[in-house]
Amino acid sequence: MIPDPPFALLAELTHRCPLQCPYCSNPLDLERAAKEMTTEEWCGAIRQAAALGCMQVHFSGGEPTARPDLELLVSEAAAAGLYTNLITSGVLCDRARLKRLAAAGLEHVQLSFQGTTASLADRIGGHAGGHEKKLAFAQDVRDTGLPLTANFVVHRQNVHQLDDMIGLAVLIGAERMEIANVQYYGWALKNRAALMPSRAQLDRMTGQVAATRERLKGIVTIYFVVPDYYARRPKACMGGWGRRFLNISPSGKVLPCHAAESITSLTFDTVREKPLADIWLRGSAFQAFRGTGWMPEPCRSCDRKEIDWGGCRCQAFAITGDAAQTDPACALSDDHESLVLTALEDASTGGDDFVYRNFRTAKVLPEF
Ligand code: SF4
Ligand code: SF4
């Protein structure tokens, strides 16, 4: 069966980032600047994505504004008819640059926060002074007239600030807010014991989000991502493997999702060597878990198999060592009970120290 065209491209321009978030979705083996694609190579990939049918490009990283050619890439995407979004930590981009990006065709900004107080946010992000810079950047976004989404990744060490996070999103004039619990693969898996919330914390945040959604209807739209470990059924991760999204890494590897490199049993083609359309249509990594044919029981006979598409392959691999297993977040999986017990144990006995995400720890620390 020929797959539909991808809806959006996540362009991970670089893994360089001044922050060091312990839940970063970048792979443990961060790609160095020397391996990054050139401006020309990125422009080619963007044009190919548009020709393939993509509607949107999300410029991400690492920190995408670390690339001095970002304006050129935005303008290339806009010329190709793509909706352009910048996913940023906001600490490297001043007002003048933001204006240049808007002039180049940037249409939306997604700004991440690690907390609501400088002391906590800067400790989590591992970057002194970061929170203050983010607040200034948020003001710049408003002044530039660009729509803004505020992203908060929540976990045990910042969830007590949830009400203030919502207040901050309103204060900075964000139209949308994403409250996302950590997804545990890669760096977050290394830091799981320090990040996992308790079930009581999850119950509280679920109630807070529901009440706030009602209260702020028409002011800010709130997206809420629950933690998989306490779920009964998995999310439709990426809307299904190889169905809606593609991700290009700094060196040009084409991935079905931003965390797919954590599945070490797969190999990934690069746009440096093959046309993007070939990779999307026939690449072995995309074919591996596309559709429902690969599914084991109980997914194979489940009436949700075309709703959640079997959940997250990265999580199945991280927990069971086999990416083709049922996502352990599903209560029908044989591995679900031990997943929940792990969460409860991490939440109650885990310490507060982080393994920060940076090029040094990427190399020296062993994998779980
Ligand atoms: S999650 Fe944190 S460390 Fe990772 S790219 Fe985003 S801001 Fe940088
Ligand atoms: S058994 Fe598979 S398809 Fe059914 S709900 Fe669980 S993960 Fe989804």
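**Around ligand 2**

Analyst: The shell around ligand 2 is made up of six nonpolar, three polar and five charged residues. Here Ala, Val, Leu, Ile, Met, Phe, Trp, Tyr, Cys and Pro count as nonpolar, Asp, Glu, Lys and Arg as charged, and the others, Gly among them, as polar. That makes 14 residues around ligand 2, with Cys299, Cys302, Arg304, Lys305 and Cys330 the closest; a residue is near a molecule if its C-beta atom, placed from the backbone, lies within 6 Å of it.

Before going on, a word on the source: this is a predicted model, where local features need pLDDT of at least 70 and side-chain atom pairs count only at pLDDT 80 or more, while totals for chains, interfaces and linings use all residues. Residues are numbered from 1 along each chain as its sequence is written, and chains are lettered from A and ligands numbered from 1 in the order in which they are written.

Most residues other than glycine have a negative phi, and most peptide bonds are trans. The peptide bond from Glu297 to Pro298, though, is cis, with omega near 5 degrees. Pro298 sits in the loop between α11 (284-288) and α12 (313-320); helices are DSSP runs (H or I, at least four residues) and strands are too (E, at least two), numbered from the N terminus. Trp309 is in the loop between α11 and α12 as well, and has a positive phi of about 55 degrees although it is not a glycine. Trp309 counts as buried because 26 other C-beta atoms lie within 10 Å; the cut-off is 20 or more, with 12 or fewer meaning exposed and anything in between partly exposed, and C-beta atoms placed from the backbone.

For comparison, ligand 1 has a shell of four nonpolar, six polar and two charged residues. Among the residues around ligand 1 are Cys17, Cys21, Cys24, Gly61, Gly62 and Arg357. There's a cis peptide bond here too, from Gly61 to Gly62, with omega near 10 degrees, and Gly62 lies in the loop between β2 (56-60) and α2 (70-79).

Zooming out, the protein chain has 14 helices and nine strands. Buried residues make up 49% of its 368 residues.
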